[in-house]
Structure formats: C-alpha cells, structure tokens
Amino acid sequence: MSTTRLTPVDAAARNFAATLARSADHLAEQVTCLDLDELLSLFAAVGDTTAAVAWIQHHEDNDSECKGHTVPDAPAPAPERPLFAANGEYTPEPGTEYPFSVSDVARAVSALLGDDWMAESGHWGTTGKLSGLFVESFTFETDYEGDLILAFGRSAADEWPRSPELPEGFQTCDDGVFLEVASASDGLEHLAEKYAAAVRAITGT
C-alpha cells in the first residue's frame, strides 16, 4: 500500500482550503466572481468539491449579477517518480527510503528512559547524542558495516557496572555495543526499546 507524502506547500493549501470550506455561509457573499473562481480552483486542487458547491450556492444566492459558476476539474496528478532509473539504479523519492534517522532513535530512547535524559541530533541526523545524569554520554552512530553502534566511554565517577549483562542480541565492539542484525525495517519503537534496555544495563539503572 502506498502512502501519499504531502509537501509543506500541499499541506498548507489543504489546511487553508479546510478553513475556507467552513466559512462559505458568511464569506461567499463578500467575494467577487473572479475571487470565487480562484477559490474554486483551490477546492478542486485539494479534492473538496463539497466546499466548492457550498461556496457557489452561497455566492449566487447573494449576488444577483452573478452569471453562475461551476466546479472546475481537479488538475491531473503529477506522474509518480519511478523507483528505478533506466540503468536499473534504485531512485526512491527523497525522504522515503528510510522512515527515520539515527538521531530519531536517540530521541526515542531518551523518551523511554525518562525526564533525566536528553537527546540531541548530530549533523544531518546521522548521529544522536544521549545524555543523562552521568559524566559520560552515549552516541548513536553507524559503522562501515551498517551496524547501529551505541558508543560510550567510561568514567570512574559514574560507577557503572564493570561487566554489565547486556540484553539478548547485543555484542560489544571497540566503541561500545550494537544490536546484531538490527535494521530500519525493525521499526523505531522496537529499536528504541532494545537500545533503552542496553543503556539501563550499561549504567546499572
């Protein structure tokens, strides 16, 4: 099943049209025929023919000189961008290939850990910093093999367990720990729960 992704302009147009749709009874009589035609084009573009009909009715009932209006046809939808180019290259629409970023994982983990934790996005969302009531902090990042690394250092002041019992599926690495075979297809909620458990194990909280 495909999902239509609205651009900010499309979303603003729909919100504006929805607001106007509820105002026909007290605004339609105040606009000129030329203004109404422009509004009808907006309603047609967002697919709200009911609002268009209501505006026409209220306008014509209060403008004796109006020669009548019709609901314009909706513009033809823009052709969908093919997922594969002529040379076979996979070319998804920008922002659609991955449903969330690495920094989104950090923020989701922070929310699970509670108010004592805070997450910050790194450049372009490719990393995420997670900080709590400790000297050391955590960084979410990916390595050259695509593993989602939970990187961290250790400070004696934090008194973290020396050999924490990591959640099932986690392995240690030079920079910290990672969940084996984790991928974006696992979903943000699932990954956040797993990595939040890893943080609790590492910090002993």
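# Strands and cores: a quick chat

Student: How many bridges join β2 to β3, and how do these strands run?
Tutor: 3 bridges join β2 to β3, and the two run antiparallel. Keep in mind that this is a predicted model.

Student: What joins β2 to β3 in the chain?
Tutor: A hairpin of 6 residues.

Student: Which residue in β3 is the bridge partner of G128?
Tutor: That is F140.

Student: And β1? How many bridges join β1 to β2?
Tutor: There are 4, and β1 (residues 118-121) runs antiparallel to β2. M118 stands opposite S131 there. The hairpin of β1 and β2 has 6 residues between the strands. In that hairpin, W124 takes a positive phi near 60°.

Student: Which residues of β2 are on the covered face, and which on the uncovered one?
Tutor: G128 and L130 are on the covered face. K129 and S131 are on the uncovered one.

Student: What is L130 in contact with, beyond its sequence neighbours?
Tutor: Leaving aside residues within four places in sequence, its contacts include A106, V109, W117, M118, F138, F140 and V199.

Student: New topic. Which residues touch the most other members in the largest nonpolar core?
Tutor: That core has 30 residues. V109, L130, F138, F140, L150, Y195 and V199 touch the most other members.

Student: Which elements each supply at least two residues?
Tutor: α5 (102-113), β3 (138-142), β4 (148-152), β6 (176-179) and α6 (188-203). α6 gives the most, with 7 residues.

Student: What about the second core? Which residues does it include?
Tutor: It is separate and has 13 residues, among them A28, L36, L40 and A51.

Terms used:
Residues are numbered from 1 along each chain as its sequence is written. This is a predicted model: local features need pLDDT of at least 70, side-chain atom pairs count only at pLDDT 80 or more; totals for chains, interfaces and linings use all residues. Side-chain values use heavy atoms; hydrogens and water are left out. A nonpolar core is a set of buried Ala, Val, Leu, Ile, Met, Phe, Trp, Tyr and Cys residues joined through side-chain atoms within 4.5 Å. Buried means under 20% relative accessible area, exposed over 50%, partly exposed in between (1.4 Å probe, protein chains only). Contact means heavy atoms within 4.5 Å. Two strands pair if DSSP finds at least two bridges between them.
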